[in-house]
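Let's take a walk through this structure together, with the model open beside the text.

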Amino acid sequence: MVEFERVNFIFCKDDYLLRLNQQYLGHDTYTDILTFNLSSKEKSIISEIYISVDRVNDNAGTLKISFALELFRVMIHGILHLCGYSDHSIQEKKIMREKEDYYLNKLSFT
């Protein structure tokens, strides 16, 4: 079982997250979230999760959902990455979305 020692959410603008994406992942694209596991131990997670408020706002508009719903989805998404879930393949993305929906439901968002 994963234990969380500390998870810091850092809310920022698109340009700041783009620079992090370029610097640490070599990706030259905007993104809504970057999750960094800073832990030295396997079972005690310390992390920083960077979220672009600009991307969340734009995505919420595109999806025609509230900013709060999209924000919580993205926050859950980051936590799921820390729990070992990935979203590189179509199947992984499907599982990730199901997990996001499950936890959003637990928070009474859906």
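In which strand does S52 lie? The residue belongs to strand β3, which covers residues 44-52. Please keep in mind as we go that this is a predicted model.

Is S52 buried or exposed? With a relative accessible area of 0%, S52 is buried, because buried means under 20%. Its side chain has a polar partner there: a polar contact of 2.6 Å joins the side chains of S52 and D14. Leaving aside residues up to four places away in sequence, S52 touches C12, K13, D14, L17, T31 and D32.

For a contrasting setting, turn to D28, in the loop between α1 (14-25) and β2 (33-37). D28 has a relative accessible area of 61% and is exposed, because the cut-off for that class is over 50%. Which residues does D28 touch, once those up to four places away in sequence are set aside? They are L18 and Q22. With Q22 the link is a polar contact between the two side chains, at 2.3 Å. As for L18, its C-alpha atom is separated by 6.9 Å from that of D28, although the two residues are ten apart along the chain.

Now to the helices. Two packed helices are described by the angle between their axes and the distance between the axes. Start with helix α2 (residues 53-63) and helix α3 (residues 67-82), whose axes come within 9 Å and cross at roughly 120°. That angle makes α2 oblique to α3. The crossing in which α2 passes α3 is right-handed. On the α2 side, the contact is made by V53, V56, N57, N59, A60 and L63, and on the α3 side by F67, E70, L71 and V74. Sorted by class, the residues of this contact are seven nonpolar, two polar and one charged.

Between α2 and α3 comes a loop, and K64 lies in it. K64 has 73% relative accessibility and so counts as exposed.

Follow the chain onward and α3 has another partner, helix α4 (residues 90-106). How do α3 and α4 cross? Their axes come within 9 Å and cross at roughly 120°, and the two helices are therefore oblique to each other. Here too the handedness is given: α3 passes α4 in a right-handed crossing. From α3, the residues L69, F72, R73, I76, H77, L80 and H81 meet M96, R97, K99, E100, D101, Y103 and L104 in α4. This contact has seven nonpolar, two polar and five charged residues.

One of the residues in that contact deserves a stop of its own: R73, placed in helix α3. R73 counts as buried, because its relative accessibility is 11%. What does its side chain pair with? It makes a polar contact of 2.9 Å with the side chain of D101. Not counting residues up to four places away in sequence, R73 touches R97, E100, D101 and L104.

To look back, two buried residues on this tour, S52 and R73, each have a side-chain polar contact with an aspartate, D14 for S52 and D101 for R73.

Terms used: Residues numbered from 1 in each chain as written. Predicted model: local features only at pLDDT ≥ 70, side-chain atom pairs only at ≥ 80, totals over all residues. Heavy atoms only, no water. Axes fitted to C-alpha atoms, helices over the stretch in contact; angles between N-to-C directions. Helix = DSSP H or I, 4+ residues; strand = E, 2+ residues; numbered from the N terminus. Parallel < 35°, antiparallel > 145°, perpendicular 65-115°, else oblique. Left-handed = near helix turned anticlockwise from the far one by under 90°. Contact = heavy atoms within 4.5 Å. Nonpolar A, V, L, I, M, F, W, Y, C, P; charged D, E, K, R; others polar. Buried < 20%, exposed > 50% of the residue type's maximum accessible area, 1.4 Å probe, protein only. Polar contact = N/O pair within 3.5 Å; in protein donor to acceptor, adjacent residues only side chain to side chain.
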